[in-house]
Amino acid sequence: MPFARLATATTPTAHIGLGLAAVGRPGYINLHRDRDLPADRSVAAMRERTHELLDAAYAQGVRYFDVARSYGRSEEFLADWLTARPEADDVVVGSKWGYTYTAAWSVEAEAHEVKDHSLATFLRQRAETDELLGDRLDLYQIHSVTADSPALTDKELHARLAALAAEGISIGLSVSGPAQADAIRAALAVTVDGEPLFSTVQATYNALETSAGAALAEAHAAGLTVIVKEAMANGRLAGTEAPAVVREIAAEAGLGSDAVAMAFVLHQPWAGVVLSGAATVDQLSGNLHAPLVDLDEERRARLDALVEEPEAYWRHRAGLRWS
């Protein structure tokens with residue numbers, strides 16, 4: 001599968017990917033977007049910011065880029081960048097279907113995205129993704145699966161996804177919510193003609209939310225590539241928002257809190273790719289210092305004390321304001 005390219009890469013940043021959720025649209029739930037993004041959040045301005053990030057990421061060894069149909073124009077922005085950078089033929093591109101972007105490029109929209117895991121949505125969004133990314137797409141993921149999602153039981157959908165896999169596109173899923181582990185384990189049981197359907201799983205895992213850890217280890221043992229999102233907990237583990245212990249370890253290491261938060265995830269033996277959700281080049285550079293952080297047993301124990309109950313973590317996340 002395409003992630004074998006990352007497994008054999010020599011640069012330490014190859015296992016850090018760049019997700020475009022924060023820059024593919026004008027509104028998102030990350031903290032402090034008012035200071036991270038320009039006042040002008042026009043399509044042109046956000047395309048320029050996205051391309052700056054992609055340039056910086058590629059120059060520093062990042063080779064996985066993550067987009068989604070619901071991330072505004074993220075697929076379009078990435079497609080434009082790939083067309084303008086034909087030399088970047090060694091990147092791995094992942095996208096997601098299952099949410100439709102509904103904010104009409106407004107930060108104040110009543111609903112920013114609508115979830116639908118039906119076969120009809122897959123067929124529509126697959127065509128939309130294909131029109132933009134074509135043969136540059138390596139991985140197509142079902143977006144934000146929960147244990148009760150019809151995507152885990154729809155046999156016709158599974159057959160269509162398996163047919164896409166037969167064409168060379170890896171099939172994955174992302175999960176969310178306090179029962180991520182249940183969704184991951186249910187996905188591991190999905191087969192088509194006796195073969196596992198999913199090659200990757202993307203989940204939230206960070207120093208505050210570790211509940212999916214055991215299930216992700218099982219997925220890794222089963223041969224799936226694990227992609228981790230929200231390592232910074234939507235900004236709660238970065239900068240001045242970070243808990244005191246994170247800032248203390250960062251000061252000891254001479255690096256930023258974001259690097260410590262990212263290092264905590266990279267340290268997990270099952271973590272294949274950890275996504276940076278940076279909105280600025282400086283944030284990206286800080287994230288990419290994560291491999292330099294020495295997380296010894298004592299520091300890991302200090303970070304382990306930060307874990308929240310999953311229900312509390314996801315309740316807090318659900319209350320974050322789109323800005």
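Visitor: Is the crossing of α5 and α6 left-handed or right-handed?

Guide: Left-handed is the label for the crossing of α5 and α6. Keep in mind that this is a predicted model.

Visitor: What makes α5 and α6 roughly parallel?

Guide: Helix α5 (residues 119-133) and helix α6 (residues 155-166) pack at about 25 degrees. The cut-off for roughly parallel is under 35 degrees. So α5 and α6 count as roughly parallel to each other. Their axes are 9 Å apart.

Visitor: Which residues make the contact between α5 and α6?

Guide: From α5 come Leu119, Phe122, Leu123 and Arg126. From α6 come Glu156, Leu157, Arg160, Leu161 and Leu164.

Visitor: How do you know that α4 is roughly parallel to α5?

Guide: The angle between α4 and α5 is about 25 degrees, and their axes are 9 Å apart. Therefore α4 is roughly parallel to α5, since the limit is under 35 degrees. On the α4 side, the meeting residues are Glu75, Glu76, Leu78, Ala79 and Leu82. On the α5 side they are Glu128, Thr129, Leu132 and Leu133.

Visitor: Why is the link between Asp90 and Arg63 called a salt bridge?

Guide: The closest N and O atoms of Asp90 and Arg63 are 3.0 Å apart. A salt bridge needs such atoms within 4 Å, so the pair of Asp90 and Arg63 qualifies. The pair links distant parts of the chain, 27 residues apart. Asp90 lies in the loop between α4 (74-84) and β3 (92-97). Arg63 lies in the loop between α3 (43-59) and β2 (64-66).

Visitor: Why is Arg63 called buried, and what makes Asp90 partly exposed?

Guide: Arg63 has 18% relative accessibility. Buried means under 20%, so Arg63 counts as buried. Asp90 has a relative accessible area of 30%. Exposed means over 50%, so Asp90 falls in between, as partly exposed.

Visitor: What makes Glu252 and Arg302 a salt bridge?

Guide: Their side chains meet at 3.1 Å, N to O. The limit is 4 Å, so the pair of Glu252 and Arg302 qualifies. Glu252 sits in helix α9 (residues 244-253) and Arg302 in helix α12 (residues 297-304), 50 residues apart. Salt bridges that share partners join Glu248, Glu252, Glu298, Arg299 and Arg302 into one network.

Visitor: How many salt bridges does this rule give?

Guide: The count comes to 19. One of them joins the side chains of Arg73 and Glu76, at 3.5 Å, N to O.

Visitor: In what order do the strands close into a barrel?

Guide: Eight strands close in the order β1-β2-β3-β6-β7-β10-β11-β12, with parallel pairing. Neighbouring strands are turned by 25 degrees against each other on average, direction ignored.

Visitor: How do you know that β1 and β2 pair?

Guide: Strand β1 (residues 16-19) and β2 share two bridges, in the parallel sense. Pairing needs at least two bridges, so β1 and β2 pair. Gly19 has Asp66 in β2 as its bridge partner.

Visitor: Why is Ala22 called buried?

Guide: Ala22 has a relative accessible area of 3%. The cut-off is under 20%, so Ala22 is buried. Ala22 is found in the loop between β1 and α2 (33-36). Beyond its neighbours within four places in sequence, Ala22 is in contact with Tyr28, Asn30, Arg33, Leu37, Met46 and Gly277.

Notes. Residues are numbered from 1 along each chain as its sequence is written. This is a predicted model: local features need pLDDT of at least 70, side-chain atom pairs count only at pLDDT 80 or more; totals for chains, interfaces and linings use all residues. Side-chain values use heavy atoms; hydrogens and water are left out. Helices (H or I, at least four residues) and strands (E, at least two) are DSSP runs, numbered from the N terminus. Buried means under 20% relative accessible area, exposed over 50%, partly exposed in between (1.4 Å probe, protein chains only). Axes are lines fitted to C-alpha atoms, for helices over the stretch in contact, and angles run from 0 to 180 degrees between N-to-C directions. Angles under 35 degrees count as roughly parallel, over 145 as roughly antiparallel, 65 to 115 as roughly perpendicular and the rest as oblique. A crossing is left-handed if the near helix is turned anticlockwise from the far one by less than a right angle, and right-handed if clockwise. Contact means heavy atoms within 4.5 Å.
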